[in-house]
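Thanks for making time this morning.

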Amino acid sequence: MAEVLRVALVAGEASGDILGSGLMQALKAQHPNVEFIGVGGPRMQAEGLVSDFPMERLAVMGLVEVLGRLPELLSRRRRLIASLIERKPDVFIGIDAPDFTLGVELKLRQAGIRTVHYVSPSVWAWRQKRVLKIRDACDLMLTLFPFEAQFYEAHQVPVCFVGHPLADAIPLQADRAAAREQLGLPVDAPVIALLPGSRGGEVARLGSLFLDAAERLRALRPGVRFVLPCASAERRQQLEQMLIGRDLPLHLLDGRSHDALAACDAVLIASGTATLEALLYKRPMVVAYRVAPLTFRILKRLVKSPYISLPNLLAQRLLVPELIQDAATPEALAQTVSPLLVDGEVQTEGFDAIHRTLRRDASERAAAAVLNLLGRS
């Protein structure tokens with residue numbers, strides 16, 4: 001019987017749990033005898049991880065919330081490090097959650113345990129000096145995007161670009177007609193998806209703005225329909241309040257953002273990870289974002305990248321329009337989205353090329369890179 005490979009993993013939120021479970025499946029397929037320890041959610045536990053504590057204890061959003069939970073987080077990290085040094089896994093894999101996992105990686109690597117970080121923090125965009133900590137903390141960085149790998153290579157950090165699991169999961173061509181039938185949308189009307197973000201603060205800043213833009217689009221494009229997927233019951237309630245007094249042909253959906261993207265002709269979208277999903281569905285988009293004025297002034301000084309949206313970062317050119325802060329007015333958004341209903345080919349051709357670049361069997365490549373690091377490939 002093959003020697004047991006003991007793999008420690010820590011994921012801090014739902015997206016990391018999805019990545020971790022895919023990686024665990026691939027490791028089991030490529031190595032006959034694997035034992036998993038660490039921290040993960042229900043998907044990772046279903047693959048055989050016995051979680052040291054509930055993953056939800058690490059899922060904290062916002063500076064004030066983090067400060068309130070800091071003693072608990074530091075205590076959990078200390079105990080986890082001590083426990084893992086005692087159990088001596090063959091490798092530790094920190095999945096995203098860099099503020100927590102990089103500290104674990106640093107201590108474990110100093111104790112002689114191999115360490116891998118899966119999903120790069122946005123170190124290429126701001127706080128670039130973090131790359132020095134990353135170089136000290138991990139034996140291998142696994143990136144989802146090629147431009148990230150180029151950054152790490154330039155800073156002498158061992159790196160492997162593995163591709164993005166979403167690019168593997170989303171088909172190269174989505175069936176628009178089938179998606180419309182599922183959502184009860186007419187086949188022949190133009191449909192625009194509105195995605196103002198998944199968090200309460202984002203929807204507060206962008207929800208009414210997107211609905212104002214939709215009213216102007218209705219004047220520009222008679223017969224247009226709108227779909228708006230709500231990330232949660234709270235977001236739905238928030239948006240229903242914003243719709244009072246408006247007369248818009250709009251479908252509010254509970255979740256189902258992928259169905260909305262498959263069904264639509266164009267997208268008005270908040271900057272964030274959803275822009276990658278819109279890209280993979282090959283739907284032309286306009287990216288908008290607003291933050292508090294002070295936050296914007298600080299970010300303008302800190303951020304090194306010329307673009308804020310993933311499609312432009314991946315294309316390394318201005319492929320999709322970005323309307324940020326004061327430039328994001330209802331009129332400007334409507335005037336920029338409207339032409340995409342009939343003339344979005346430049347974007348969609350670029351999206352197709354990016355999709356093919358990211359479609360790499362990410363979990364299998366990540367597992368192979370980990371085993372190669374350990375000399376077990």
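Predicted model: local features only at pLDDT ≥ 70, side-chain atom pairs only at ≥ 80, totals over all residues.

Let me start with the contact between helix 9 and helix 15, in which Leu209, Phe210, Asp212, Ala213, Arg216, Leu217 and Leu220 of helix 9 meet Pro330, Glu331, Leu333, Ala334, Gln335 and Val337 of helix 15, where contact means heavy atoms within 4.5 Å. The residues of this contact divide into 9 nonpolar, 1 polar and 3 charged, counting Ala, Val, Leu, Ile, Met, Phe, Trp, Tyr, Cys and Pro as nonpolar, Asp, Glu, Lys and Arg as charged, and the others, Gly among them, as polar.

Residues are numbered from 1 along each chain as its sequence is written, and side-chain values use heavy atoms, with hydrogens and water left out.

As for geometry, helix 9 (residues 200-220) and helix 15 (residues 330-337) pack at an angle of about 50 degrees, with their axes 8 Å apart; the helices are DSSP runs of H or I with at least four residues, strands are E runs of at least two, and both are numbered from the N terminus. Axes here are lines fitted to C-alpha atoms, for helices over the stretch in contact, and angles run from 0 to 180 degrees between N-to-C directions. The two helices are therefore oblique to each other, given that angles under 35 degrees count as roughly parallel, over 145 as roughly antiparallel, 65 to 115 as roughly perpendicular and the rest as oblique.

Turning to the other partner, helix 9 and helix 10 pack at an angle of about 30 degrees, with their axes 10 Å apart, which makes helix 9 roughly parallel to helix 10. On the helix 9 side this contact is made by Gly200, Val203, Ala204, Gly207, Ser208 and Leu211, and on the helix 10 side by Arg235, Gln238, Leu239, Met242 and Leu243; these residues divide into 6 nonpolar, 4 polar and 1 charged.

Which residues does glutamine 238 contact, leaving aside its neighbours within four places in sequence? They are Gly200, Val203 and Ala204.

Finally, the side chains of arginine 218 and aspartate 247 meet in a salt bridge at 3.8 Å, N to O, the term requiring a side-chain nitrogen of Lys or Arg within 4 Å of a carboxyl oxygen of Asp or Glu. This pair links distant parts of the chain, with arginine 218 in helix 9 and aspartate 247 in the loop between helix 10 (233-243) and strand 10 (250-254), 29 residues apart.
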